[in-house]
Amino acid sequence: MCENHQIIHADIEPGVITRDLIKEALREQGPKGEAGRLIEVENYEIQNYPSKSLRLEFLNILRIDHLWMMKQLTCLKLSNNMIEVIENLDELVNLIELDLSFNHIHKIQNLDSLVNLEIFSLYQNHIKVLENMDKLTKLEIFSIGRNLIDDSGDCVLYLRKFKNLKSLNMVDNPITQKLFNGEKFRKFLVAYIPQLVYYTYKLISAEEKENARNVHQKELEKLEQDERNMQHIREQDERIEREEAQYAKAYVEKLNGHQLFQSLFEKDPEGQAVLLTGQEAEEIHEGFKMQTQEITQGLFELGQEQLALREEEIRQYTSTVDITKANSYNESRKEVYFSPTICYTVYAIANWIIYKESNKHNNIQVEQFLVEKETVAIDTRALLDIVESPAVVGEEQLAEYANSMKMLEFKFQDISQELWTLLMRNEMILSEQLEELISTFERNLRDMVNNFVESAQGYFTQIREQENIYSELIKDHVVRYQNHLTIRNEDLSALPPLLKTIMADKESVVTALQTSHDQHFLVIDTREDQLINRIRDWYSDLCAKIEKEEIERARNAVLEINHFLDFERDEYEIIHRKFSEQYMLDIPEVNQEIMQQISYSSVSNLSSRSFGSIPRAPSVSKENNATDDVHKEDSAIEN
């Protein structure tokens with residue numbers, strides 16, 4: 001929470017919160033000493049400043065601004081200013097405490113984004129109505145004392161719905177002087193907000209709560225029943241909303257009833273007008289309605305079935321990916337520390353990128369690396385201890401030690417390259433397996449999408465056929481109706497205006513019916529295009545997302561392999577360099593006889609399809625880059 005300090009600045013002109021004002025406040029309130037000096041040196045931008053608390057009090061501030069840059073804020077104190085409007089706080093989504101007390105605010109507003117707010121003070125302002133706080137569901141402490149609230153208890157009913165509210169202060173509002181059921185306001189408030197623990201910072205006892213409830217028992221029982229009814233309605237609405245969201249995932253929302261049929265006539269005044277031509281028109285219309293609903297219901301059920309198939313395919317794909325990679329590295333990855341504890345780190349790295357089926361073979365290779373690496377480290381330290389001992393070492397003996405150190409260097413280089421090759425090869429195997437798996441998944445999903453689209457198009461074709469049948473039937477009926485009016489020379493003035501225009505002559509009838517028919521086809525075509533485009537866009541986006549994630553996974557795997565081995569190389573070079581700098585500066589290169597005992601094998605045939613150009617195997621010494629791709633024969637190691 002904010003520290004309760006007040007900073008008073010005299011002789012300040014009323015104004016707006018500016019960048020400079022924020023920076024000055026951060027300097028005053030930020031870390032002191034060395035931490036403060038480092039912040040000054042770094043010259044932090046406001047949005048990057050580490051402080052999560054800001055106090056701008058007693059500064060004659062008229063308007064809130066520029067705080068959008070401080071999204072990290074959890075506590076903001078703007079008390080004792082001249083603020084009139086709550087505004088420009090939308091970006092402060094992490095705010096937990098907000099103090100706007102002692103200002104000139106008339107209306108509670110613009111708080112919808114502050115969903116994490118727990119402490120809110122508007123003490124001593126000009127508020128008349130409690131409103132626009134519905135999003136503050138985490139509110140625990142609310143101070144609204146010394147305002148102008150004077151309603152008939154609506155403010156209490158409004159606060160009743162804040163289930164986390166524990167402390168409230170409404171002192172010195174006009175409403176607090178009123179009687180409710182002959183009792184004082186406090187008893188009314190305690191009865192209607194049972195979740196309160198403190199009022200005006202005084203504990204509410206269980207006895208006081210019980211007495212308050214007894215006074216307002218009848219009204220509370222009715223209110224609670226109304227709340228239960230409203231809760232039931234909300235739950236129904238939420239259930240319908242969830243169902244609609246599920247139907248939208250299947251791309252068949254509003255196809256499980258008469259919605260599509262009704263949409264055919266929503267923007268079709270001519271089609272609605274001809275339904276007034278008698279019972280036969282109504283019967284034709286009702287038949288069309290039933291046939292359309294039967295077809296759309298079939299399409300709706302198809303969409304649900306296809307959604308289940310797609311979700312099962314995705315589940316199986318995810319499960320297979322987990323078996324291929326996650327099961328082998330999720331458990332071990334948490335042990336990757338990149339620390340000098342070599343044995344656990346290397347084992348974790350190896351397990352992370354090696355698919356399960358080859359774990360046994362790879363673990364043997366890793367264990368061998370650990371043993372050999374430890375042997376090299378021990379021998380290297382032993383040589384260093386010898387040459388650092390007080391005993392005098394001759395040049396010939398020092399050259400022998402230098403040759404031995406060079407051999408250890410090559411040995412470490414060799415085992416590092418072998419492990420790098422192993423890990424890279426297995427990463428490529430994993431990458432190739434995942435590539436094949438992704439390809440299979442995309443192919444299967446594409447077939448599902450195409451099958452669904454083809455089947456859906458079949459249903460829409462049936463709807464169009466029913467529209468053609470309806471159009472012919474209604475046209476035949478309306479033409480006969482118009483002929484009947486003409487033969488009997490009936491007065492058209494009694495007809496509704498639009499129907500009167502349609503019945504003027506046969507040409508008007510045909511034109512109106514054709515317009516209606518075209519409108520129906522437009523609605524059907526639009527709904528079909530919507531279904532097809534949405535599911536194909538979903539398929540494309542999903543495939544692109546999966547492919548992007550796999551590329552990033554493979555690249556990160558290669559980076560981690562090289563990062564780890566770079567760490568191991570640097571650790572070894574610290575010891576090796578210490579020996580070289582002190583005792584090998586004037587020592588000639590290792591004799592050729594020893595060098596010829598060392599043979600190497602290149603690391604080759606490594607594909608870079610999934611993660612670009614694969615970095616070379618890490619080397620130990622820059623002077624031996626030309627021999628990085630080599631490793632010694634067992635006989636040379638023994639020597």
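**Close-up views of a predicted model**

**Figure 1. Glutamate 311 and its surroundings.** The side chains of glutamate 311 and lysine 249 form a polar contact at 3.0 Å. The model shown here and in the following views is predicted. Glutamate 311 belongs to helix α9, which spans residues 279–333. Beyond residues up to four places away in sequence, glutamate 311 touches Gln246 and Lys249. With a relative accessibility of 33%, glutamate 311 is classed as partly exposed, because that class covers values between 20% and 50%.

**Figure 2. The protein chain as a whole, for orientation.** The protein chain contains 16 helices and 12 strands. Its length is 639 residues, of which 44% count as buried. Among contacts in the protein chain with a separation of 6 or more, 65% are between residues 24 or more positions apart.

**Figure 3. The largest nonpolar core.** This core has 60 residues, and the members that touch the most other members are Phe120, Phe142 and Met170. Two or more residues are contributed by each of α1 (19–29), α3 (154–160), α4 (185–192) and α6 (217–249). Helix α4 supplies the largest share, six residues. Methionine 170 is in contact with Ile144, Gly145, Ile149, Cys155, Leu159, Ile175, Thr176, Phe185, Leu189 and Tyr199, when neighbours within four places in sequence are set aside.

**Figure 4. The eight-stranded open sheet.** The strands follow the order β2-β4-β5-β6-β7-β8-β11-β12, and their pairing is mixed. The edge positions are held by β2 (53–55) and β12 (202–203); each has a single partner strand, so one side of each lacks a neighbour in the sheet. In general, strands of a sheet pair through backbone hydrogen bonds, in either a parallel or an antiparallel sense. Strand β4 (residues 75–77) is paired with strand β5 (residues 97–99) in the parallel sense, over three bridges. Within this pairing, cysteine 75 has glutamate 97 in β5 as its bridge partner.

**Figure 5. Asparagine 169 in strand β8.** Asparagine 169 is part of strand β8, which covers residues 167–169. Its relative accessibility is 4%, and asparagine 169 therefore counts as buried, the limit for that class being under 20%. The side chain of asparagine 169 reaches the backbone nitrogen of valine 171 at 3.1 Å. Apart from residues up to four places away in sequence, asparagine 169 touches Tyr123, Phe142, Ser143, Ile144, Gly145, Tyr199, Thr200 and Tyr201.

**Figure 6. Two loop residues with positive phi.** Most residues other than glycine have a negative phi. Histidine 66, although not a glycine, has a positive phi of about 65°. Histidine 66 is located in the loop between β3 (61–63) and β4. Its relative accessible area is 22%, and histidine 66 is therefore partly exposed. Tyrosine 201 is likewise not a glycine and has a positive phi of about 65°. The loop between β11 (198–199) and β12 contains tyrosine 201. Tyrosine 201 is exposed, with a relative accessible area of 56%. Tyrosine 201 is also one of the residues touched by asparagine 169.

**Figure 7. Packing of helix α5 against α4.** Two packed helices are described by the distance and the angle between their axes. The axes of α4 and helix α5 (residues 206–215) come within 8 Å and cross at roughly 95°. The two helices are therefore roughly perpendicular to each other, because angles of 65 to 115 degrees fall in that class. On the α4 side the residues that meet α5 are Arg186, Lys187, Val190 and Ala191, and their counterparts in α5 are Glu208, Lys209, Ala212, Arg213 and Val215.

**Figure 8. Packing of helix α5 against α6.** The axes of α5 and α6 come within 5 Å, with a crossing angle of roughly 85°. Helix α5 is thus roughly perpendicular to α6. Arg213, Asn214 and Val215 in α5 meet Gln217, Glu219, Leu220 and Glu224 in α6. Arg213 and Val215 also take part in the contact between α5 and α4.

Note on methods: Residues are numbered from 1 along each chain as its sequence is written. This is a predicted model: local features need pLDDT of at least 70, side-chain atom pairs count only at pLDDT 80 or more; totals for chains, interfaces and linings use all residues. Side-chain values use heavy atoms; hydrogens and water are left out. A nonpolar core is a set of buried Ala, Val, Leu, Ile, Met, Phe, Trp, Tyr and Cys residues joined through side-chain atoms within 4.5 Å. Buried means under 20% relative accessible area, exposed over 50%, partly exposed in between (1.4 Å probe, protein chains only). Helices (H or I, at least four residues) and strands (E, at least two) are DSSP runs, numbered from the N terminus. Contact means heavy atoms within 4.5 Å. Two strands pair if DSSP finds at least two bridges between them. A polar contact is a pair of N or O atoms within 3.5 Å; within protein, one must be able to donate a hydrogen and the other to accept it, and residues adjacent in sequence count only if both atoms are side-chain atoms. Axes are lines fitted to C-alpha atoms, for helices over the stretch in contact, and angles run from 0 to 180 degrees between N-to-C directions. Angles under 35 degrees count as roughly parallel, over 145 as roughly antiparallel, 65 to 115 as roughly perpendicular and the rest as oblique.
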